[in-house]
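Subject: Structure handover

Hi,

Here is the structure I promised to pass on. Please open it alongside these notes.

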Amino acid sequence: MRDTAPNSWESRADAHSLYGFTDLPSIHARGAVVLTHGEGPYVVDVHGRRYLDANSGLWNMVAGFDHPGLIAAAKAQYDRFPGYHAFFGRMSDQTVMLSEKLVEVSPFDRGRVFYTNSGSEANDTMVKILWFLHGAEGKPERRKILTRWNGYHGVTVVSASMTGKPYNSVFGLPLPGFIHLTCPHYWREGRPGESEADFTRRMAQELEDVIAREGADTIAGFFAEPVMGAGGVIPPSAGYFQAIQPILKKHGIPLIADEVITGFGRTGHVWGSQTYDFTPDAIISSKNITAGFFPMGAVILGPELADRVQAAAEAIEEFPHGFTASGHPVGCAIALKAIEVVMNEGLLDNVRALTPRFEAGLRELARNPNIGEWRGKGLMGALEAVKDKATKTPFDSKLSVSERIANTCTDLGLICRPLGQAVVLCPPFIITEAQMDEMFDKLGQALTKVFAEVA
Ligand code: PMP
């Protein structure tokens, strides 16, 4: 619990932090958890308390918090060449090697890569690429961006406009021209008596209708996470991408997969789009790309977009865009190692091996009368709290049920995340079966305690 002494870590954190995405009443009562280091999938706070981080930091620390290979790769690159940019035709050798590697491990046989510092910037960059491309191809009115309610694409002005969350209205966002379609969450959005196949058909029809209403010639692109992450871990309804992709193709609208969470293994394949059996026109990557050991994002253009964008840039002799730290050599060296660790040193295998245990744990906890649904893919999952399971009625939001569950978990030494009325789990890929038992045991205790309080 909170140490209220003026010189405590909690008070010092409060004194100077503008907390982002933090429930302020709860942080005032409890104080921030101030961390000093990590051990495998655990993090340790200034009081020496250990927490199993079932959220992998923010989905990204997939190799845990002290992976020696990643630390060694970072140290070696800091010794060799600690920083450079990718402007004016100069870039580090690591940057060249990472671009080769990203195209090699992408679903594309050819492609081009552009680097950013974050997932938000990668989405912004992709929107600029589309606007640049359509303008260069004589279609400057193709500017509208289609996304889905509950989709999360970041916090910069454009990526926040893409994000389908009501909280962005406090910033006066979204900007005009950002259009949100229905979240393809069958359990919540399906109508009484509607089959999942019919629901998917309705989602596809809605897309057709929106394109007809807006005019295909005004639409720049469609962005979608293969599994929605920050929306509460929402896998698409069956056949969703197979239903929408032909419609987008017919109207010349690129499909961009935002794989910031699903990229590099989370759903059991390297890409979430592989898990859902579709090939997008471009991929947005971040987070796992460096296993969270360096801030980095990347836009990976598939062959068709790569050729068209390159031609557009050749025509004006430049693509006028870039960040100071785009293609940072330390980030690239770490990413090269992270890809090796995930793909060749057993992490992806572990995701696959432990997925049945993970699903069984979620399924077991979902027997609780106050859990309406368990959902997930690979090692990302969620439990949705409900007041009434039969009618799917949520709890009064004033009860802050999911926050209470997450806070109780924290007291028990487990970090998990409240998202709406769901509790989200996305453990590091290095998690063991015994640690997974610990995770479900602690979450189970928290559910029992909190549901008894609010029942
Ligand atoms: N896209 C998705 C799917 C994400 O989950 C996130 C971050 N949670 C972002 C984009 C934004 O990434 P960043 O926080 O690095 O800007």
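The model is predicted: local features need pLDDT of at least 70, side-chain atom pairs count only at pLDDT 80 or more, and totals for chains, interfaces and linings use all residues. Residue numbers start from 1 along each chain as its sequence is written.

Domains

The domain assignment gives domain 1 as 33–66 + 346–454 and domain 2 as 70–344. These bounds come from an automatic or database domain assignment. Taken over C-alpha atoms, the centres of domain 1 and domain 2 are 27 Å apart. Contact joins 26 residues of domain 1 to 23 residues of domain 2 (C-beta atoms, placed from the backbone, within 7 Å). On the domain 1 side, α3 (56–59), α14, β11, β12 and β15 each supply at least two of the touching residues. Helices (H or I, at least four residues) and strands (E, at least two) are DSSP runs, numbered from the N terminus. Helix α14 has the largest share of that side, with five residues. By class, the side has 15 nonpolar, seven polar and four charged residues. Here Ala, Val, Leu, Ile, Met, Phe, Trp, Tyr, Cys and Pro count as nonpolar, Asp, Glu, Lys and Arg as charged, and the others, Gly among them, as polar.

The antiparallel sheet

An open sheet of four strands runs in the order β11-β12-β15-β14, with antiparallel pairing. Two strands pair if DSSP finds at least two bridges between them.

Going through the pairs:

- β11 and β12 (residues 380–385) are antiparallel over six bridges. Trp-374 has Leu-383 in β12 as its bridge partner.
- β12 and β15 run antiparallel, joined by four bridges. Gly-381 is opposite Leu-425 in β15.
- β14 and β15 are antiparallel over three bridges. Arg-417 has Val-424 in β15 as its bridge partner.

The hairpin of β14 and β15 has two residues between the strands, and Gly-420 takes a positive phi near 60 degrees there. Strand β15 (residues 422–425) is covered on both faces. Ala-422 and Val-424 on one side, and Val-423 and Leu-425 on the other, are all buried (20 or more other C-beta atoms within 10 Å of the residue's own, placed from the backbone).

Helix α14 (residues 347–365) lies across β11 and β12, at about 170 degrees to β11. Axes are lines fitted to C-alpha atoms, for helices over the stretch in contact, and angles run from 0 to 180 degrees between N-to-C directions.

The mixed sheet

Another open sheet has four strands in the order β1-β2-β3-β13, with mixed pairing. Its edges are β1 (35–39) and β13 (414–415); each has a single partner strand, so one side of each has no neighbour in the sheet. Strands β2 (residues 42–45) and β3 (residues 50–53) run antiparallel, with three bridges. Tyr-42 has Leu-52 in β3 as its bridge partner.

The ligand

Which residues come nearest to the ligand? Of the 14 around it, they are Ser-118, Gly-119, Ser-120, Gly-154 and Val-260. A residue is near if its C-beta atom, placed from the backbone, lies within 6 Å. Helix α6 (residues 119–136) gives the most to this shell, with three residues. The shell divides into four nonpolar, eight polar and two charged residues.

Best wishes

Methods. Two residues are in contact if their C-beta atoms, placed from the backbone, lie within 7 Å. A residue is buried if 20 or more other C-beta atoms lie within 10 Å of its own, exposed if 12 or fewer, and partly exposed in between; C-beta atoms are placed from the backbone.
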